[in-house]
Amino acid sequence: MDIISQLPDRLLFAIPKKGRLHEHCISLLKGADINFHRHNRLDIALVKNLSIALIFLPAADIAKFVGDGNVDLGITGQDMVEECEVADKIDEIMELGFGHCKLQVQVPIKSGINKVEELVGKKVVTSFDVLASKYFSKLDNTYLTEEEKAEGKKTKIEYVSGSVEAACALGLADGIVDLVETGETMKVAGLHAISTVLETQAILIRNKNPSNPSLVAKITSRLKGVIAAKKYVLLNYNITRGNLREAAKITPGRQAPTISPLDDGNWVEVQSMVVKEEVAEIMDKLEDIGARDIMLFKIDNCRV
């Protein structure tokens, strides 16, 4: 990593080197026209068309690196910002819409524990010891008796670096705190959720004093365009002027629909950005009011 000291003119952008966020990040960078080639086993890649160096790091370390000013920008999970306790050192620029997970308290189904307060005073294993400690400290204050507190009783939080879901089966803990995406892994391990500590997703963060604020703004604008393009599609259709006002209510666009006259003076062509998840229902409504030639176009990138 000594090569970083030789890149004084490049903005340093930290990307998860593997795991659940990596592929999403690579796709996002490609969509934003951030072109680079990463050599095998090298965790630094120079961007060809912008003055940026990509630094590939474990997602768990990125928040700290950005907070400490070692890198200017980074993509990591909201959970990592909280776990590293750097929220006051970084600016969260935007949520990226992927990497959705829940940090949950899970216990064995066979344990009979169904409420998180039943775990108070017992042993919990986790890779998120900071967040888990804060969470159970509040529960300890609420549910432990004054006598128990005086005796020094509290929920014991123990850190493990991986395979957290196996801790209960191995007799290492009464419960765990871990990230859950679909819950399938936990079900296989015989666990079920009894509480959610926080909900998280991938975010773009920056150091409060980046080396090149204008380049940070450019990257942010490009990434916002890619995210918007994934969220929206372009809908094109023809409608009579008499039904145009009602059609515009169905497809108002982000600012306003684009309306173009057709050779037949009674008809117009309408173009409008619509939310991708709502497009089928929108097309149904347009068809009901007489819209014709309804066509859908994918948006690869945009600025909104």
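Helices (H or I, at least four residues) and strands (E, at least two) are DSSP runs, numbered from the N terminus. This is a predicted model, in which local features need pLDDT of at least 70, side-chain atom pairs count only at pLDDT 80 or more, and totals for chains, interfaces and linings use all residues. Residues are numbered from 1 along each chain as its sequence is written, and side-chain values use heavy atoms, with hydrogens and water left out.

**View 1. Thr155 sits in the loop between helix 5 (146-150) and strand 8 (156-159).** Thr155 is buried, with a relative accessible area of 5%. Buried means under 20% relative accessible area, exposed means over 50%, and partly exposed lies in between (1.4 Å probe, protein chains only). The side chain of Thr155 makes a polar contact with the side chain of Asp140, at 2.7 Å. A polar contact is a pair of N or O atoms within 3.5 Å; within protein, one must be able to donate a hydrogen and the other to accept it, and residues adjacent in sequence count only if both atoms are side-chain atoms. A polar atom of the Thr155 side chain also lies 2.8 Å from the backbone nitrogen of Gly121. Not counting residues up to four places away in sequence, Thr155 touches Leu119, Val120, Gly121, Lys122, Val124, Phe136 and Asp140. Contact here means heavy atoms within 4.5 Å.

**View 2. Phe13 belongs to the largest nonpolar core.** A nonpolar core is a set of buried Ala, Val, Leu, Ile, Met, Phe, Trp, Tyr and Cys residues joined through side-chain atoms within 4.5 Å. This core has 27 residues, and Phe13, Leu54, Ile75 and Ile219 touch the most other members. Two or more residues each come from strand 1 (11-16), helix 1 (22-31), strand 3 (52-57), strand 4 (73-77), strand 11 (202-207) and helix 7 (213-231). Helix 7 gives the most, with five residues. Leaving aside neighbours within four places in sequence, Phe13 is in contact with Leu29, Ile52, Ala53, Leu54, Ile55, Leu73, Gly74, Ile75, Leu204, Ile219 and Leu223. Another core, of 21 residues, lies apart from this one; among its members are Val116, Leu119, Ile194 and Leu198. In soluble globular proteins, nonpolar side chains tend to be buried together.

**View 3. Helix 1 has a buried side and a face turned away from that side.** His22, Cys25, Leu28 and Leu29 are buried in helix 1. Seen down the axis, these buried residues fall within an arc of 125°, so they line one face of the helix. The arc is that of the directions from the helix axis to the C-beta atoms. The buried residues of helix 1 pack against strand 1, strand 3, strand 4 and helix 7. Exposed Glu23 and Lys30 are carried on the face turned away from the buried side. Asp33 follows helix 1 and has a positive phi, near 60°.

**View 4. Helix 2 (residues 59-67) buries Ile62, Ala63, Val66 and Gly67.** They cover an arc of only 120° around the axis, which puts them on the same side of helix 2. The buried residues of helix 2 pack against strand 1, strand 3, strand 4, helix 3 (78-83), strand 5 (90-95) and strand 11. Gly69 follows helix 2, with a positive phi near 85°.

**View 5. Ser163 and Asp293 have positive phi values.** Ser163 is a residue other than glycine, with phi near 50°. Ser163 lies in the loop between strand 8 and strand 9 (175-180). Ser163 is exposed, with a relative accessible area of 56%. For Asp293, also not a glycine, phi is near 50°. Asp293 is found in strand 15 (residues 292-298).

**View 6. Lys276 lies in the loop between strand 14 (267-275) and helix 9 (279-288).** Lys276 is partly exposed, with a relative accessible area of 40%. Not counting residues up to four places away in sequence, Lys276 touches Lys230, Lys231, Tyr232 and Val233. Arg245 is 31 residues from Lys276 along the chain, and their C-alpha atoms are separated by 22 Å.

**Setting for the views. The chain holds nine helices and 15 strands.** Buried residues make up 42% of its 304 residues. Along its principal axes the C-alpha trace spans about 85 × 55 × 35 Å.
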